Amino acid sequence: MLALLAILTVIGVAGFTSLGIWQIERRAWKLDLITRVDGRIHAPPVAAPGPAAWPQVNTANDEYRRVTVTGRFLNDREALVQAVTAHGGGYWVLTPLRATDGFTVLVNRGFVPPELRDAGARVAGQISGETTVTGLLRITEPKGGPLRANDPVNDRWYSRDTAAIAEAKGLSDTAPYFIDADRVVASPSAPVGGLTVVNFPNNHLVYALTWFGLALMVLAAGIFVLRGEYRLRRGLPS
């Protein structure tokens, strides 16, 4: 019995301690991620990756990198993606931009409320002719939202799935990422850009302390029970 209690105590302490150490490692990884992303956001913009670089574009190295690209918006092929922002419910306006370098990239020009869903209601906010877009590179969001799948046939979008939107809109040579454009005040009816939320929850220290606390509790309980059992068997007073 004593041996079994000792084994269970060791297993419990080792298990909870391992989980605590894992959370400390996760915290170090998260802090490094926050530092890297913060550096990208505040760095000078670089040219948006062209087709030759697309196979290497990934979340770890490129998400939230400031980029810039010059081209012409294809306003007649925009997609509206359902969104909820600090401005309320509405839509992201994703407009293809045909870059002067010969490829297409979807640009999230920003948020519009339901009353500006139709492009005809925000003609003054449309950009024609060659323009330069600066913003944050974002990785594609395939398939749809947590509860609803994208419906390309009916042009209903719940995530910014670049491949699906490109196919539905008949676009070619489309980048596997999109750009969250900076805010540009062009017209009251123009989409509101610059609303990217960059937030990485970092509760790993709390979790680690919880696991370490449980390890100490198991250790204390194990010592208390083992001590009591030992003294009972020896006929010693409690």
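**Pockets, salt bridges and a surface patch**

The largest pocket has a volume of about 270 Å³ in this predicted model. Its lining is formed by 14 residues, and those closest to the pocket centre are Gln82, Gly145, Pro146, Tyr158 and Ser159. Strand β3 (residues 79-85) provides the largest share of this lining, with four residues. Divided by class, the residues that line the largest pocket are seven nonpolar, four polar and three charged.

One cavity of 30 Å³ or more is counted, and the largest cavity holds about 40 Å³ of space. The lining of the largest cavity consists of Trp92, Asn108, Gly110, Asp180, Ala181, Val192, Gly193, Gly194, Leu195 and Thr196. At least two of the lining residues come from each of the strands β5 (104-112) and β7 (174-181). By class, the lining of the largest cavity comprises four nonpolar residues, five polar residues and one charged residue.

Side chains of opposite charge can pair when their charged atoms come close. Over the whole structure, nine salt bridges are found. One of the residues of the cavity lining, Asp180, forms a salt bridge with Arg138, with 2.8 Å between the closest N and O atoms. Because Asp180 belongs to strand β7 and Arg138 to strand β6 (residues 130-139), this pair ties together parts that are 42 residues apart in sequence. Both Asp180 and Arg138 are buried. The two residues also belong to a network of salt bridges that links Glu63, Arg138, Glu141, Arg160 and Asp180.

A salt bridge also joins the side chains of Asp155 and Lys169, at an N to O distance of 3.2 Å. Asp155 is in the loop between β6 and α3 (162-168) and Lys169 is in the loop between α3 and β7, so the pair ties together parts that are 14 residues apart in sequence. Asp155 has a relative accessibility of 33% and therefore counts as partly exposed, whereas Lys169, at 18%, counts as buried. In a further salt bridge, the side chains of Arg65 and Asp62 meet at 3.5 Å, N to O. Arg65 is partly exposed, with 29% relative accessibility, while Asp62 is buried, with a relative accessible area of 12%.

Note on methods. Residues are numbered from 1 along each chain as its sequence is written. This is a predicted model: local features need pLDDT of at least 70, side-chain atom pairs count only at pLDDT 80 or more; totals for chains, interfaces and linings use all residues. Side-chain values use heavy atoms; hydrogens and water are left out. On a 1 Å grid over the protein atoms alone, a cavity is a set of points where a 1.4 Å probe fits but cannot get out, and a pocket is an open set with protein on both sides within 12 Å along at least five of seven lines; lining residues have an atom within 4 Å of a point. Grid points are joined across faces, edges and corners, and a volume is the space filled by probe spheres set on the points. Ala, Val, Leu, Ile, Met, Phe, Trp, Tyr, Cys and Pro count as nonpolar, Asp, Glu, Lys and Arg as charged, and the others, Gly among them, as polar. A salt bridge is a side-chain nitrogen of Lys or Arg within 4 Å of a carboxyl oxygen of Asp or Glu. Buried means under 20% relative accessible area, exposed over 50%, partly exposed in between (1.4 Å probe, protein chains only).
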